[in-house]
Amino acid sequence: MYKYDEVDQAIVDERVKQYRDQTRRFLAGELTDDEFRPLRLQNGLYIQRHAPMLRIAVPYGMLSSKQLRKLGDIAKRYDRSYGHFSTRQNLQLNWPKLEDVPDILAELATVEMHAIQTSGNCIRNITTDQFAGVAPDEVVDPRAVAEITRQWSTFHPEFALLPRKFKIAVSGTKHDRALIQAHDIGLEFYPDPDNKMAIRVWVGGGLGRTPILGSVVREHLEWQHVLTYCEAIIRVYNLHGRRDNAYKARIKILVKALGIEEFRRQVEAEWQYLKDNPNTITEAELARVSKYFTKMPYETLPEHDASFDSAIASNPAFATWVKRNTHPHQQPGYRAVTLSLKTHGQAPGDATSEQMHIVADLADEYSFGELRVAHEQNLILADVKLSDLFPLWERARTAGLATPNIGLLTDIICCPGGDFCSLANAKSIPIAEAIQRQFDNLDYLYDIGDIELNISGCMNACGHHHVGHIGILGVDKDGSEWYQVTLGGKQGNDASIGSVLGPSFAAEEMPGVIQKLIDVYIRERTPEERFIDTVRRIGIAPFKTHVYGEKKKELAHA
Amino acid sequence: MPNHSNLILNNAIVKDEWSLVTMPAGEEIVKKQAGKVVLFKLTGEATHTAEQIANTVIPETGKILVPLAVWQARKEELAVRYAAGEVGVWLDTHELLEDLVGSVEDINSLPLIAVHVERFADGRIFSIGNLLRTRYHYKNDLRAFGDVLRDQLFFLKRCGFNSYLIRADRSAEDALASLQDFSQPYQGAVDEQLPVWRRVSRQPVSQ
């Protein structure tokens, strides 16, 4: 993975110094709340319900074991010994003290980490596929360009105060796992007919209050031009995006208002001035950064491993975990492993300091000392030998990291919600926990099969509820917490935004509502259909009837 | 302090030689969205009347910094002073740069252009500075004024500004330090056009 040189290190060190002084001035009353707000936000610091929340950047989700240990130590020393992995592949601390943040940043800088631009109206952390570099369906490893783009976007002077936040996702696989159509800019890498690395550029996607899937602004962009082309897009947005209404300020609203044709015309016109400027990436720079993302020193192994095969045959629990929580790998004899942060009854995405240390040890022992954060809020060991899977599983299980539920109903994607976040309308974690309790039977979960359930505590949609097969959105009605259900959302190449099922529900009704949706699926499905396939085939009407029809009856009896 | 100045030019605090000309207050209509007062004007939005422009008082002598709309409407009246290099023009972040560029034959005939930022969070000022320097090749003094605070100075400098009138209640001395916040920024911009990997030799660090 990428390693800092003195240039990178100087930038994070100077940032610590700058932010320490900004914090000092705020505490001394030299900066007002309004003046300090964008400064602390650009450093990932929110003022929350109970305490500030600090969001630490994990660029495109990659971490070293050393970094994870440091995160565990920071959570222990400055917080309550746990952290929350977010849908943006970052780590959030829920209880740090505002005055401790400069010290936390100084500690992060010692392991080449920071919290720069993890919030605020600027270019945010760049995200990608958690299996980048190892996925069998990968056509281009996008991480080198992601790193170059990360550096370019860091303290970009022209785009420091945009109308609203700006998120870029990169992906180089046949099957999109990075939600590129739900980002302000989505960069889809592919080899063009001349076998050169090219990019299909998507723009104007986003979830939030107005969910919109992106449009292709340019079908073919040579990789050298990715920074100048992004400059053109973001300059058009910076100048013309709305600033009068925060809810209409994302680039998707501008693209929609202008239409993609006119937006493209403006971007292309701007780009004619920017094309080939010094920010055009050179072969030498790509080669320099690509050296950090070469293949791991794999052993040459056969496709099969006898000890692994016999463990599968003799241990059904292990076999189940292998089926759900391990993933195919480009290299024969290797698998990628998902360590589940979705233990039933725990807040999705949370990991304790102790677990972070254990995962770091596992990464050192079994996966070249590296790991990734998935936007589904799990941790990934990307390069594990088949023969190591059994001992890895045993240790992960002891640490509560081996719940075999990846891709199942209880692998819930969930924002921190009203328990922590001051933006939230409603709590989300207790809903996730109640659903996990309702569906605690693994055999039943396997029978239901692949399904994605996403929960957001408000329309900012941090839980990506619009693209969940089942989406749950917390809403506020007259000061009490209600939950709206959407059906038929999906991430991937054939992404879609879910449709609202109907009037919202009280918290205690939610497990029953999910149960009814599952009942309809079980009743209607054909043998090969996943939940989303059935929803797409029969539409939401039968689900609606089953959920609301019976609800009305119950009310009539009450 | 009679000699107190809050104007930074390049890297020093200097006395302001220019008299800022502003329009008389017009009827400000308070706009609201979802119950909240709208804080930012839309790009291209007309915000003043012909009457305000006509009633703008311009000092008889000395260097004057006039609003773009006044400059456009009363250019003939200012022709001699313009030829003598005594006229600078300022615009708001929501005003169109094309109007300024179109108002003179040679943008470098203006010794000073200033951009007024009503709220420091309005990042349009950065693109305006960049465009003036790179697209329109403006070479003379470029000043930011209004809600100008030290924590934005480094960005303003990188976007081509070389002069900053720090908000009156803040110290320009303190603000000077912020121009040096980062020694080696990553990306090419206006002040330093080369990205860091074209500026210094970056060798891969051993893993």
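Let's start inside: setting aside neighbours within four places in sequence, Ile233(A) is in contact with Ile185(A), Val203(A), Val217(A) and Val267(A). Keep in mind that this is a predicted model.

Now step back to chain A as a whole. Its secondary structure comes to 18 helices and 21 strands, and 56% of its 558 residues count as buried. Look at the contacts with a sequence separation of 6 or more, and you'll find that 68% of them link residues 24 or more positions apart. As for overall dimensions, the C-alpha trace spans about 65 × 60 × 55 Å along its principal axes. A compact globule of 558 residues would have a radius of gyration near 24 Å, so the 23 Å of chain A agrees with that expectation.

Two spots in the backbone of chain A deserve a look. Most residues other than glycine have a negative phi. Leu179(A), though not a glycine, has a positive phi of about 55°. You'll find Leu179(A) in the loop between β7 (168-171) and β8 (185-191) of chain A. Is Leu179(A) buried or exposed? It counts as buried, because 25 C-beta neighbours sit inside 10 Å, and the cut-off for that label is 20 or more.

Ala461(A) is the other spot: again not a glycine, it has a positive phi of about 65°. Its loop runs between β17 (453-456) and β18 (470-477) of chain A. With 23 C-beta neighbours inside 10 Å, Ala461(A) counts as buried too.

Finally, turn to where the chains meet. Here 38 residues of chain B are in contact with 36 residues of chain A. On the chain B side, α5 (124-134), α6 (150-158) and α8 (196-199) each supply at least two of the touching residues, and α5(B) gives the largest share, four residues. Sorted by class, this side of chain B has 19 nonpolar, 11 polar and eight charged residues.

Notes: Residues are numbered from 1 along each chain as its sequence is written. Chains are lettered from A and ligands numbered from 1 in the order in which they are written. This is a predicted model: local features need pLDDT of at least 70, side-chain atom pairs count only at pLDDT 80 or more; totals for chains, interfaces and linings use all residues. The radius of gyration is taken over C-alpha atoms; the globule rule is 2.2 Å times the number of residues to the power 0.38. A residue is buried if 20 or more other C-beta atoms lie within 10 Å of its own, exposed if 12 or fewer, and partly exposed in between; C-beta atoms are placed from the backbone. Two residues are in contact if their C-beta atoms, placed from the backbone, lie within 7 Å. Ala, Val, Leu, Ile, Met, Phe, Trp, Tyr, Cys and Pro count as nonpolar, Asp, Glu, Lys and Arg as charged, and the others, Gly among them, as polar.
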